[in-house]
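Trainee: I would like to learn how to read the surroundings of a residue and of a ligand. Please take me through an example.

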Amino acid sequence: MHRFLSGARLAEGLLDPALLGLSWIGLAEPTHVPQGLPCQQLHAPCLLGEPVEAWFGARPAQAGTRHGVRYRHDGELLFGVIEVVEDGAALGGSSGPVLQRAGQQAYESVFKLLAEEGYPHLWRIWNYLPHINQETDGLERYRQFNIGRHRAFEAAGRLVMDSIPAASALGVQGGPLSVAFLAGRTPTRSIENPRQLSAFRYPADYGPCSPTFSRAALGQHADAEWLFVSGTASIVGHQSMHPGDPVAQTRELVANLDAVLAEASRCSAGPAYRLSELSARVYVRHPAHLAPVQAELAEVLGTSAQQVYLLADVCRAELLVEVEAQACHLLS
Ligand code: 3EB
């Protein structure tokens, strides 16, 4: 179960034995986070909403740290976080750009942990890397990351698995490469968007290795079905639409969300998913775009407390806004 936590509810949530982990938006170090609790810090300013989100399992969770991954799991679902510092010497012998090697190492560590703990199925991944659109070592950093991620998936035999996880990949203002994930004992059902080319089939114009994620994923945990919607932007086919226009980009991404929800609803065991029930994380590139983007999104998502807006860089320099989301349906 997923919740935004504030004030007293944060203190309460931290004491819940079923707590799996947190994500924490802000440039300052997280405070009051118990030792050993997986917590992903997003080195980005929170513009609106609660900066702390928590995942809860269905029963008391157990904690561990292995291969640099801090994790907690409840017997069905595992939440983990790994941070990899971009230190070429520490990353060892392999050649290639440093962030590429960091990405590969992060995913290799995650895959080792998942094999050992018996959670083979990745459900949802959150990737944050500083300065995503900058070039270092001769290649844009998002492209480097894609190569490293792709190699790790390939080496683990995961490119041929039938379910590719939902994901997001955003640029933040600092910190190490940070990867958080939910993994299950059972697979998810991957959902693609009929308005968009599958990201794993993007042409080479967007980098030597295509990104490894599905547009959404459906998974079952305890007595509920979970929908995870990947980071969704103003892309139709494989092309970025409406450069320079945050409102038009927002309308386009809402059309994409709509189409993904229709696909997910077709594949769901329960009732249809609606935009108004989503809890969402909204990324805007420029602070001045917060108000127009929020006005546009409020009309379709509503104004519930289950939304947070933050300042971050979308993985293509011309994209100004991206939305990721989830929803949960109890299965009867
Ligand atoms: C896109 O549709 C926008 O590299 O894991 C969205 C979600 C995006 C996930 C990723 C990238 C990723 O291509 C960017």
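Trainee: Which residues does Glu324 touch, not counting residues up to four places away in sequence?

Mentor: This is a predicted model. Contact means heavy atoms within 4.5 Å. Glu324 touches Arg124, Trp126, Tyr128, Ser168, Val229, Ser230, Gly231, Ser279, Ala280, Arg281 and Tyr283. Take Ser279, one of these: Ser279 and Glu324 are 45 residues apart in sequence, yet their C-alpha atoms are 8.5 Å apart in space.

Trainee: What joins the side chains of Glu324 and Trp126?

Mentor: A polar contact of 2.9 Å.

Trainee: Is Glu324 buried or exposed?

Mentor: Buried means under 20% relative accessible area. Glu324 has 4%, so this residue counts as buried. Glu324 belongs to strand S21, which covers residues 321-330.

Trainee: Now the ligand. Which residues come nearest?

Mentor: There are 14 residues around the ligand, and Tyr142, Arg149, Tyr202, Arg215 and Cys315 come nearest. For Tyr142, a polar side-chain atom is 2.5 Å from a ligand oxygen atom. Arg149 has a polar side-chain atom 2.7 Å from an oxygen atom of the ligand, and for Tyr202 the value is 2.7 Å.

Trainee: How much of the ligand's accessible area does the protein cover?

Mentor: On its own the ligand has 360 Å² of accessible area, and the protein covers 99% of it. The ligand takes up the space of the second largest pocket.

Trainee: Which element supplies the largest share of the shell around the ligand?

Mentor: Strand S12 does, with three residues. Helix H3 (141-155) and strand S12 (166-172) each supply at least two residues of that shell.

Key:
Residues are numbered from 1 along each chain as its sequence is written. This is a predicted model: local features need pLDDT of at least 70, side-chain atom pairs count only at pLDDT 80 or more; totals for chains, interfaces and linings use all residues. Side-chain values use heavy atoms; hydrogens and water are left out. Helices (H or I, at least four residues) and strands (E, at least two) are DSSP runs, numbered from the N terminus. Buried means under 20% relative accessible area, exposed over 50%, partly exposed in between (1.4 Å probe, protein chains only). A polar contact is a pair of N or O atoms within 3.5 Å; within protein, one must be able to donate a hydrogen and the other to accept it, and residues adjacent in sequence count only if both atoms are side-chain atoms. A residue is near a molecule or strand if one of its heavy atoms lies within 4 Å of it. Accessible areas come from the Shrake-Rupley method with a 1.4 Å probe; for residues, only the protein chains shown count as cover. On a 1 Å grid over the protein atoms alone, a cavity is a set of points where a 1.4 Å probe fits but cannot get out, and a pocket is an open set with protein on both sides within 12 Å along at least five of seven lines; lining residues have an atom within 4 Å of a point. A molecule sits in a cavity or pocket if more than half of its atoms lie within 2 Å of its grid points.
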